[in-house]
Amino acid sequence: MSRVLIVEDEEHLARGLKLNLEAEGFTAEVEENGTAALQRLVGAGAGADGFDIILLDVMLPGLDGFEVVRRLRAARQFVPVMLLTARSDTDDVLRGFEAGADDYLPKPFDLSILLARIAGLLRRRTWLRGDPDAGQERELEEYRFGRTSIDFRNQVLRRGKVEQPLTVMEATLLRYLVRHAGETVSRKALLEEVWGVRHDTDTRTVDNFMARLRRYIEDKPARPRHLLTVRGVGYRFVDKPDGDG
Ligand code: CA
């Protein structure tokens, strides 16, 4: 049984979501603002709650949803987060992903859509973990290159003695790059295939994510050897740069 934390200040909506999710077999709890949610998830004594997914409203009193997810990630809490946005404004969606969210759903939404999206996010995490019960072909569990290894099962990137936990979104992006190693992938393809954003949009988000990944995997992020920029097009991941043994 999956546990869901709903962070939503509109009481009727929060209550409706909770009842509907419980009717579908989830355990659901509600916090009505970001501060309370953060206290619950990363405060003293937190972490034992073991939520499987957070439904996080963007428009909250006090800290907004973007700030809440940013603080969760900064506190190394990597639970899957789905943002509930008031509008499907692409800028908001991308801002949410940059803050560390894994998915988003514009309001208002049908319950069936919400359930499908929750199932999709939980499945993606299961898939990253290579769960043999997921009914999918065995997936790559670990990938090594240079001094780096990516443990997809546990969503952790290791580099020397440094462990960097990954969000579902970061792990999905790395897996996409690894699968296309040696190929140039366009920003547009990344937006569509990794983020699911079909929009002719500002691609700074892609660049910001790549900058983040470079900090994880490059000795000198400003002079990348594995995650190369292909001018005017996109990026290319190279597992063995020229000159490596
Ligand atoms: Ca709200």
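These legends walk through several close-up views of a predicted model.

**View 1. A sheet of five parallel strands.**
Let's start with the open sheet, where five strands sit in the order S2-S1-S3-S4-S5 with parallel pairing. The edges belong to strand S2 (27–31) and strand S5 (103–106), and each of these pairs on one side only. On average, neighbouring strands in the sheet are turned by 20° against each other, ignoring direction. Zoom in on strand S1 (residues 3–7) and you'll find five bridges joining it to S2, the two strands running parallel. One spot to look for is Val 4, whose bridge partner in S2 is Ala 28. Helix H3 (residues 65–74) lies across strand S3 (53–57) and strand S4 (81–85), and it runs at about 170° to S4.

Which residues coordinate the calcium ion? They are Asp 9 (OD), Glu 10 (OE), Asp 57 (OD) and Met 59 (O), at 2.1 to 3.2 Å. Read along the chain, these donors follow the spacing D-E-x46-D-x1-M. Asp 9 has a relative accessible area of 30%, so it counts as partly exposed. Glu 10 is partly exposed too, with a relative accessible area of 34%.

Helix H4 (residues 90–99) is largely enclosed by the rest of the structure, because seven of its 10 residues are buried. Those buried residues are Thr 90, Asp 92, Val 93, Leu 94, Gly 96, Phe 97 and Ala 99. And what covers them? The cover includes H3, S4, S5, H6, helix H7 (187–195) and helix H8 (204–217). After H4 comes Gly 100, which has a positive phi, near 120°.

Now take a closer look at Leu 190. Leaving aside neighbours within four places in sequence, Leu 190 is in contact with Leu 173, Tyr 176, Leu 177, Val 185, Trp 195, Val 206, Met 210 and Tyr 235.

**View 2. Thr 148 on strand S7.**
Thr 148 lies in strand S7 (residues 148–151). Is Thr 148 buried or exposed? Its relative accessibility is 2%, so Thr 148 counts as buried. If you skip residues up to four places away in sequence, Thr 148 touches Tyr 143, Leu 157, Arg 158, Arg 159 and Ile 217. With Arg 159 there is also a polar contact, side chain to side chain, at 2.8 Å. For a sense of scale, the C-alpha atoms of Thr 148 and Val 162 are separated by 9.7 Å, and these residues are 14 residues apart along the chain.

**View 3. Gln 164 on strand S9.**
Our last stop is Gln 164, found in strand S9 (residues 162–165). Gln 164 is buried, because its relative accessible area of 18% is under the 20% cut-off. Not counting residues up to four places away in sequence, Gln 164 touches Arg 76, Phe 78, Gln 155, Val 156, Leu 157 and Tyr 216.

Notes: Residues are numbered from 1 along each chain as its sequence is written. This is a predicted model: local features need pLDDT of at least 70, side-chain atom pairs count only at pLDDT 80 or more; totals for chains, interfaces and linings use all residues. Side-chain values use heavy atoms; hydrogens and water are left out. Two strands pair if DSSP finds at least two bridges between them. Helices (H or I, at least four residues) and strands (E, at least two) are DSSP runs, numbered from the N terminus. Axes are lines fitted to C-alpha atoms, for helices over the stretch in contact, and angles run from 0 to 180 degrees between N-to-C directions. Contact means heavy atoms within 4.5 Å. Donors are N, O and S atoms within 2.8 Å of the metal (3.2 Å for Na, K and Ca); water is not among the atoms, so sites may look incomplete. Buried means under 20% relative accessible area, exposed over 50%, partly exposed in between (1.4 Å probe, protein chains only). A polar contact is a pair of N or O atoms within 3.5 Å; within protein, one must be able to donate a hydrogen and the other to accept it, and residues adjacent in sequence count only if both atoms are side-chain atoms.
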